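Open the model in your viewer and keep the selection panel at hand. This tour tells you what to select next and what is there.

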Amino acid sequence: QLVESGGGLVQAGGSLRVSCAASGRTFRTSAMGWFRQAPGKEREFVAAINWNGYPTRYADSVKGRFSISRDNAKNTVYLQMNSLKPEDTAVYYCAAAPKIAVTVYEYRYWGQGTQVTVSS
């Protein structure tokens, strides 16, 4: 089970960190990813991290602004979002996969999502 938290409303240029807490024994051997979905749009890849923290992958649209990390002792993965833009507004989902991946179809388990809204 994956449970996201930390979403909210932030002004453009601000920062926000969302978290994803996982239950179960497979977290520590799973790659984790963050995706987002804006109204009327398809779910898109944001960032991913391998089970041991390396390597990481980022969508071009968030490179240099977002950072993914994980704490296996806490069964938690994080997405630090800086320099936020209105176009970052979306529901953010975390997901687990057997190996690091960038497509929706490679992820087996999903959280319920957390809303991030960036005002201009």
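**Whole chain**

Start with everything shown as a cartoon. Keep in mind that this is a predicted model. Colour by secondary structure: the chain has 11 strands and zero helices.

Now show the C-alpha trace. Along its principal axes the trace spans about 40 × 25 × 25 Å.

Of the 120 residues, 44% are buried. Among contacts with a separation of 6 or more, 58% join residues 24 or more positions apart.

**The nonpolar core**

Nonpolar side chains tend to be buried together in soluble globular proteins. Select Met-32, Trp-34, Val-46, Phe-66, Leu-79, Met-81 and Tyr-92. In the largest nonpolar core, which has 34 residues, these touch the most other members.

Which strands each supply at least two residues of this core? Colour S3 (16–22), S4, S5 (44–49), S7 (66–71), S8, S9 and S11 (114–119) to see them. S9 gives the most, with six residues.

Next, centre on Leu-79. Leave aside its neighbours within four places in sequence. Leu-79 is then in contact with residues including Leu-16, Val-18, Trp-34, Val-46, Phe-66, Ile-68 and Tyr-92. Arg-17, Ala-47 and Ser-67 are also among its contacts.

**The ring cluster**

Show the aromatic side chains. The count comes to four aromatic pairs. Zoom in on Phe-35 and Phe-45. Their rings are edge-to-face, 5.7 Å centre to centre, with 70° between the planes. Phe-35 lies in strand S4 and Phe-45 in strand S5, so the pair ties together parts that are 10 residues apart in sequence.

Is Phe-35 buried or exposed? Phe-35 is buried, with a relative accessible area of 0%. Phe-45 is buried too, at 14%.

Tyr-107 is buried, with a relative accessible area of 6%.

Ring pairs link Phe-35, Phe-45, Tyr-107 and Trp-110 into a cluster.

**The charged pairs**

Side chains of opposite charge can pair when their charged atoms come close. How many salt bridges does the structure hold? It holds four.

Select Arg-36 and Glu-44. They form a salt bridge, and the closest N and O atoms are 2.6 Å apart. Arg-36 counts as buried, at 6% relative accessibility. Glu-44 counts as partly exposed, at 36%.

Asp-88 lies in the loop between strand S8 (76–81) and strand S9 (90–97), and Arg-36 in strand S4 (residues 31–37), so the pair ties together parts that are 52 residues apart in sequence. Both Asp-88 and Arg-36 are buried.

Now bring in Arg-65. Salt bridges that share partners join Arg-36, Glu-44, Arg-65 and Asp-88 into one network.

Move to Lys-63 and Asp-60. They form a salt bridge with the closest N and O atoms 3.3 Å apart. Asp-60 is exposed, with a relative accessible area of 66%.

**Last stop: Ala-12**

Select Ala-12, in the loop between strand S2 (8–11) and S3. At 41% relative accessibility, Ala-12 counts as partly exposed. Setting aside neighbours within four places in sequence, Ala-12 is in contact with Leu-84, Pro-86, Val-118, Ser-119 and Ser-120.

Finish with a distance label back to Arg-36. The C-alpha atoms of Ala-12 and Arg-36 are separated by 17 Å, and the two residues are 24 apart along the chain.

Technical notes. Residues numbered from 1 in each chain as written. Predicted model: local features only at pLDDT ≥ 70, side-chain atom pairs only at ≥ 80, totals over all residues. Heavy atoms only, no water. Salt bridge = Lys/Arg side-chain N within 4 Å of Asp/Glu carboxyl O. Buried < 20%, exposed > 50% of the residue type's maximum accessible area, 1.4 Å probe, protein only. Helix = DSSP H or I, 4+ residues; strand = E, 2+ residues; numbered from the N terminus. Core = buried A, V, L, I, M, F, W, Y, C linked by side-chain atoms within 4.5 Å. Contact = heavy atoms within 4.5 Å. Phe/Tyr/Trp six-rings, centres within 6.5 Å; stacked < 30°, edge-to-face > 60°.
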